[in-house]
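Subject: Structure handover

Hello,

Here is the structure for you to look through. My notes on what turned up in it follow below.

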Amino acid sequence: KRSRLVQPHAWRATSTGAAPLAVESHVVLSPRLHGILRAEFGGDAPATTRGEAEALLQNALRLTLLDASEEQSEEYLCRAVWDNIARQLIVNSHRGGATLAPADVSPLLGVRFHDAHADAILAAHAGPVPIDADHVVLDMDGVIYSDAGVARQIIDGLEVATQALGLKLGTSQRLHDSHGGTILGLISEGHLKGAAAIEAFYARAYRDVDLSALGPDPLLRRQLVELASSGRVRWWLASNSPLHFIRRVLHALGLEPALFHIVCPMRGNAWANKPDRAYFDLLPRRSACFFDDAAANCQGASAAGLPSVHLGPGSPEAMCLVADHLNVVPRSWRLSKANYLRAKEAVDLRSLNPDVLAELRRQLASEVQSVHAAGPDSFLHVLDLGAGMLSMLPVVAELVGGTPVRIRYVAVDGDASILQVAAERLRDEFQAELLEDGRTWRLDLRNHHIEVEFRAEDVLNPLADASRSYHLIIGCSILDLIDLPPVAAALKANHSGALLYFPIHYTGVTEFRPACDELEPLTLRYNDSLVERGQVSDVHRLLPMLGDTLALEISPWDMAPDDDSALFRQLCSFMATNALGFYPRGELASAVAYAAALSDGGYSREAARDGPQAPRLFVENVDFLGRVPKLQQTSAASRGAGDSLTRCRRAVEFPGPGEVRVVDEALPSRRMGQSTVRAALSGISAGTERKVLQEGLNVEGEPLDTSLAALAEQHAGWPIRYGYCLVGRVEVGERLAPGSRVFCFHPHASAAQVAESDTLAIPDQVPDEDATFFANMETACSLVQDGAAVLGERIAVFGAGTVGSLTAAILAHHRQDITVFDPVEERLAVLRRAFPGVRTAKSVDPASAGSFDLAIEASGSPAALADALRVMRRGGTVVVGSLYGEADVPLPLGLRFHRSEVCIRASQVSHVAAPLATRWPKARRVELTWELLRQLRPASWFPLQTYPMEQAPAAYEAIMAGLPAQVLLSYEED
């Protein structure tokens, strides 16, 4: 009804239970739908009659896409009707039926659903379907997503459901092996009879599958929508999973089901499953390609005349292969993984920073001395994470020096096939021999006796093994591909004192030099695509969490398109694939053609005559050399009541308005219920601390914060010690063990006695820099919860400082429609880079009055609060998160406000708001805050400025001057 596909008075469909919808014979079609049917079935043949059109609609209204277990809204019915018609047209045309000539296909212009996301998807599918459209058929499990844990759960669920039928353990796998699928086998052997029994089996098998490991993939969504909107690609999703599970997966990935023509087992297709021929008869053939991770399914597709691509172990991700199929770049540009690593090695080795190598040589010299001192049978132990083709092995052998030493080199990589190629390289290039254990190779290189052990496993596994220690841990270009906090935690827990060398790590710049407009589509949004994919695009800011820095220097790639053509072309293919989410294929085709001319050398020859320099591809990297801190052992005696390892400290104090000083003093004695914490970092909450520094609190005798012990003991008169974002490690405690990383609600100080109620253990997955955002992130959570936004509402966030940006990040992460207002363009640019879907503006357009349902004010500006009231719809809510002190705040509370029914709500993070308190105890919100810090990683995208503790006055001067960054104090020297 809502889409106007069918006249409202003519909709006479009913549904009972799981039965198909029945349609009365006198259904009347809307003129638009009848026109579409005539255009699509007419062609040069006689026009489709009204009766034939009605028959088609009635057939479509069988709704084979309808899942009887979900809500059957009008919107869903209309979507399902059209999808069935479109799918039937396409499949029939590929079998030689109705002709789909471009001139005969009418667009679905004007059709609109109420949901904004559905509008965007419909726009992508509303255009004509060209005769030469590419039909891309994707499997779901292993292609759309590749989480092995989910796949394992499905297998286990099928086994449990099979046993529930009274069949013995192992029957599910036997049926899969013999029939191509468990369901096919159960039906063929008569164990499942009737639709009700099959539906019950699917429900039982998929009921307990946990999808929490899956997360939204904004880049994939961009790519799907952009390619569909061009009118040249139609997406099909071909899965053996039931429709209700497919919808769950797509929701977890942030993808709308309407993006795809979905083909899955259901009543209407007699529960067809891959690799059965009947299943592939439901799919298109002409200009189509099928992508699946199961070889048997690909064989079945090929046998049915549907070209297929198998995503086996070590294959590129699905969208890279789709890009190859669509000829986004020449297929020859995409190297095998082994060839890519060979090409990369040549550029890596010439890019290694010589100063870092020199310092590594000096550090290794002392390690070699300790090995020699330990005896002739001792080894220098080296762990290579993400070893690949062993590009670092010759580097280590050369840096160790001329004095012979025995080296035991453990090479770890998650790809067993690459390690096999690396082993062949050892044999052929270095004349290594395989020892009797079958996994260790022995060779002599630069006078050193070396034993290389290959381990095909996750790089975290050897780090978590405390039974083996290493003198040197290395990893080339690995840290931006793995989850860094667990690595840092494992290093500090199990490899105290180890030397760390991590070269060639990306710092966020990929560009052609000199700049070239023709190539801009390849590089302009490349960093955005990495962020959307969840990859850290500026990893060097996270490197210090691994250990103490000994050297950190640049190691840029500078590639000539012709001299480094193999790697140049491979990187262009990466960039072009990602750019599919941002640019039409035509623009990318032009950029790729230009890159091809560069790599062929033609441009360079012309440049030699005419003068301009040929563009080169420049990628900024850094080399990191560090050492894992050595653990300090704390004796039982030192943990006695009143004792602490730290005897003195430095603290930040405001002696008067606008004044900041650093105070040296004795550390107070530890009392019962307190932990002694030595600080590593603390964050300055710019808005609140600026207000306190300027004005105090101006309420004599009023405690600063009654919920925090460290602040409740102080009063608002000068001097004031303020702050509540301190990160450090426990030296002495009752609840937490020494060495535990903690966040403390405590003023800035190098050491503190902190009430255990104000001390929170930091999860391993959250680095120290991100942990400093805890209080601000919790405030952002509180603001969002107090706002209680309804799905589909428009939200305005005023202020893009730390709290405002984190609030916007939470809302963007949950796909809300938000606009951020802030007068500082630099702050807004940060948000746009990190969250491309966020709209921003430096000021409020008068035309936007009454256009927002919710406003969250986090600017500290009375003018912004006034603007928030002006943009509210009738009945909207303004949540005030700023601390205004005791000054009067003028607001526009005139006749318009009087009639608006707008609610102004004060938000305070110290307590959970009363309406939520029963469901959301403080502990639950703390867990949510840590999870958001883990997912959003604010330190990776929000600007940071770190000052040594003794420069605290300068830090506050920067804040008072409006520095658009989160300011941290570092306590390394204390």
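How many aromatic pairs does the structure hold? The structure holds 18 of them. Rings of Phe, Tyr and Trp (its six-membered ring) pair if their centres lie within 6.5 Å; planes under 30 degrees apart count as stacked, over 60 as edge-to-face and the rest as tilted.

Before the details, some ground rules. This is a predicted model: local features need pLDDT of at least 70, side-chain atom pairs count only at pLDDT 80 or more, and totals for chains, interfaces and linings use all residues. Residues are numbered from 1 along each chain as its sequence is written, and side-chain values use heavy atoms, with hydrogens and water left out.

**The chain overall**

The protein chain has 35 helices and 30 strands. Helices (H or I, at least four residues) and strands (E, at least two) are DSSP runs, numbered from the N terminus. Of its 974 residues, 53% count as buried. Buried means under 20% relative accessible area, exposed over 50%, and partly exposed in between (1.4 Å probe, protein chains only).

The chain exposes about 41,100 Å². Carbon and sulfur atoms supply 51% of that area. Accessible areas come from the Shrake-Rupley method with a 1.4 Å probe; for residues, only the protein chains shown count as cover.

Now the contacts (heavy atoms within 4.5 Å). Take those between residues at least 6 apart in sequence: 71% of them join residues at least 24 apart.

**Aromatic pairs**

One of the pairs is phenylalanine 280 with phenylalanine 290. This pair is edge-to-face, at 5.5 Å centre to centre and 90 degrees between the planes. Phenylalanine 280 sits in helix α11 (residues 277–280), and phenylalanine 290 in strand β4 (residues 288–292). They are ten residues apart. Phenylalanine 280 is buried, at 0% relative accessible area. Phenylalanine 290 is also buried, at 0%.

Phenylalanine 654 and tyrosine 956 make another pair. Their ring centres are 5.2 Å apart and their planes stand at 85 degrees, so this pair is edge-to-face. It links distant parts of the chain: phenylalanine 654 is in the loop between β16 and β17, tyrosine 956 is in helix α35, and 302 residues separate them. Both residues are buried.

There is also an aromatic cluster, formed by Tyr202, Tyr206, Phe245 and Trp271.

**Helix α35**

Tyrosine 956 leads on to its helix. Which residues of α35 are buried? In this helix (residues 952–960) they are Ala952, Ala955, Tyr956, Ala958 and Ile959. Seen down the helix axis, they fall within an arc of 155 degrees, so they line one face of α35. The arc is that of the directions from the helix axis to the C-beta atoms. What covers these residues includes β16 (648–653), β17 (661–666), α25 (686–695), β29 (944–948) and β30 (966–970). Just after α35, glycine 962 takes a positive phi of about 85 degrees.

**Charges**

Side chains of opposite charge can pair when their charged atoms come close. The structure holds 50 salt bridges. Each is a side-chain nitrogen of Lys or Arg within 4 Å of a carboxyl oxygen of Asp or Glu.

- Glutamate 359 bridges to arginine 362, with the closest N and O atoms 2.6 Å apart. Being three residues apart in helix α15 (residues 354–374), they are separated by about one helical turn. Glutamate 359 is buried at 16% relative accessibility, whereas arginine 362 is exposed at 52%.
- Aspartate 208 bridges to arginine 207, at 3.4 Å between the closest N and O atoms. Aspartate 208 is exposed at 52%, and arginine 207 is exposed at 51%.
- Glutamate 620 meets arginine 513 at 3.7 Å, N to O. Glutamate 620 lies in strand β15 (residues 616–627) and arginine 513 in strand β12 (residues 499–513), so the bridge ties together parts 107 residues apart in sequence. Glutamate 620 is partly exposed at 28%, and arginine 513 is partly exposed at 34%.

Arginine 513 also lies over the face of phenylalanine 618, at 3.5 Å from the ring centre. For this, NZ of Lys or CZ of Arg must be within 6 Å of the ring centre and within 35 degrees of the ring normal. Arginine 794 lies over the face of phenylalanine 852, at 4.3 Å from the ring centre.

Last, a network of salt bridges links Arg649, Glu653, Arg661, Glu665 and Arg721.

Best wishes
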